Amino acid sequence: MAQRALTGVKPTGEPHLGNWLGAIQPALDLARSYDTFYFIADYHALTSVHAGDDMRRYVRSITATYLAFGLDPEKSVFYRQSDVPEIFELSWILSCFTPKGFMNRAHAYKDAVSKNLAAGKDADDGIGMGLFGYPVLMAADILMFNADVVPVGADQKQHVEFARDIAERFNGNYGEAVFHLPEPRISSTVKTVIGLDGRKMSKSYDNTIPLFLEEKALLKRINQIVTNSQSPEEPKDPDQSHVFSLHQLLLDANAEKEARKQYQAGGMGWGMAKKMFFESLNEKLRGPRSEYNRLIADPNHLDRILEKGKERARSIATPFLDRIRLLTGIR
Ligand code: ADP
Ligand code: TRP
């Protein structure tokens, strides 16, 4: 039997180029060698998305994005976290095996506390229990489906390690290897994609290139990439350019070499460099964009796909949770 890979994505905004190259594509590539589970972590997003309409919109948008980039819902199990209530029951069970100290040490919580202290506020100011207990719910996501491999960004590695540790405690207590011990998988080839201003591309910096803008709007956005004041004639150092740094992510080795030469030869202004990047990106996004537009226009179809995913996910989760209830004496 193939090993299982499982990953979740939080519906917290419209997807951008950094999400695609840094998370979506690497996750989808795993379907070639693993049994894959992908889910929309809407209850995790609820720690920060507090408007119902936004949540609904982001869930549909993320669902359509994964499908547009080729997720095959027949091959992979693709579901919405909130559709699988077994996960939440398991989350409580696991919390009874989770030292509170783990949560105190979780990076996201610690960062929030240090920000508060630096601002002279109470340590826990504005920190909800959802944020504090986030890693337990994530452990339930992972252990519910006995994932062997969990592809995540480096910032999520600690959470997967918690899941592993919690699984060991549970297995050890009941003397049975109920849960597989998950391994975090951090892709070493994935680079941080920079945004329009050269910082990490992120919704929080408003420097993103959204994936599904219409062509004109996409070009307009690309034209906002920050450049220096070199004239078109001057030779340019590609490694000092935000435009090149983004463009090269889409190029194979030969095309990258050619583009470097063009920068270094002089005679290419920033307008032209941006146009070249736009053309490469637009070419790659044309297919997914039209598929995305088709999907997003048909919410009932998206709902049906999630409904099917829910059935598949629950057909695994229900008997497994029964086993855990029995083991714990809850049944
Ligand atoms: P944002 O920073 O825009 O809020 P998220 O935190 O929602 O993005 O990220 C979702 C996924 O996309 C994560 O797995 C994250 O590692 C990946 N990701 C986000 N931004 C980038 C980026 N600039 N480069 C590479 N990967 C990224
Ligand atoms: N916490 C992850 C993030 O912020 C999303 C997530 C929730 C997840 N549950 C998961 C990722 C389970 C992998 C496995 O990106």
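Which element gives the most to the shell around ligand 2? I took this up at the outset, and I found that α7 does, with four residues.

**Conventions.** I worked on a predicted model, in which local features need pLDDT of at least 70 and side-chain atom pairs count only at pLDDT 80 or more, while totals for chains, interfaces and linings use all residues. Residues are numbered from 1 along each chain as its sequence is written, chains are lettered from A and ligands numbered from 1 in the order in which they are written, and side-chain values use heavy atoms, with hydrogens and water left out.

**Ligand 2.** I listed 14 residues around ligand 2, of which Lys10, His44, Tyr134, Asp141 and Gln156 come nearest (a residue is near if one of its heavy atoms lies within 4 Å). I then looked up polar contacts (pairs of N or O atoms within 3.5 Å; within protein, one must be able to donate a hydrogen and the other to accept it, and residues adjacent in sequence count only if both atoms are side-chain atoms). A side-chain N or O atom of Tyr134 lies 2.7 Å from a nitrogen atom of ligand 2. For Asp141, I noted a side-chain N or O atom at 2.7 Å from a ligand 2 nitrogen. For Gln156, a polar side-chain atom is 2.8 Å from a nitrogen atom of ligand 2. Ligand 2 taken alone exposes 370 Å², and the protein buries 89% of that (Shrake-Rupley method, 1.4 Å probe; for residues, only the protein chains shown count as cover). Two or more residues of this shell come from each of β1 (4–9) and α7 (129–144) (DSSP runs numbered from the N terminus: helices are H or I, at least four residues; strands are E, at least two). I sorted the shell into eight nonpolar, four polar and two charged residues (Ala, Val, Leu, Ile, Met, Phe, Trp, Tyr, Cys and Pro are nonpolar; Asp, Glu, Lys and Arg charged; the others, Gly among them, polar).

**Ligand 1.** I found 13 residues around ligand 1, the closest being His16, Val193, Met201, Ser202 and Lys203. A polar side-chain atom of Asn19 is 3.1 Å from an oxygen atom of ligand 1. Alone, ligand 1 exposes 540 Å², of which the protein buries 75%. Its shell divides into three nonpolar, seven polar and three charged residues.
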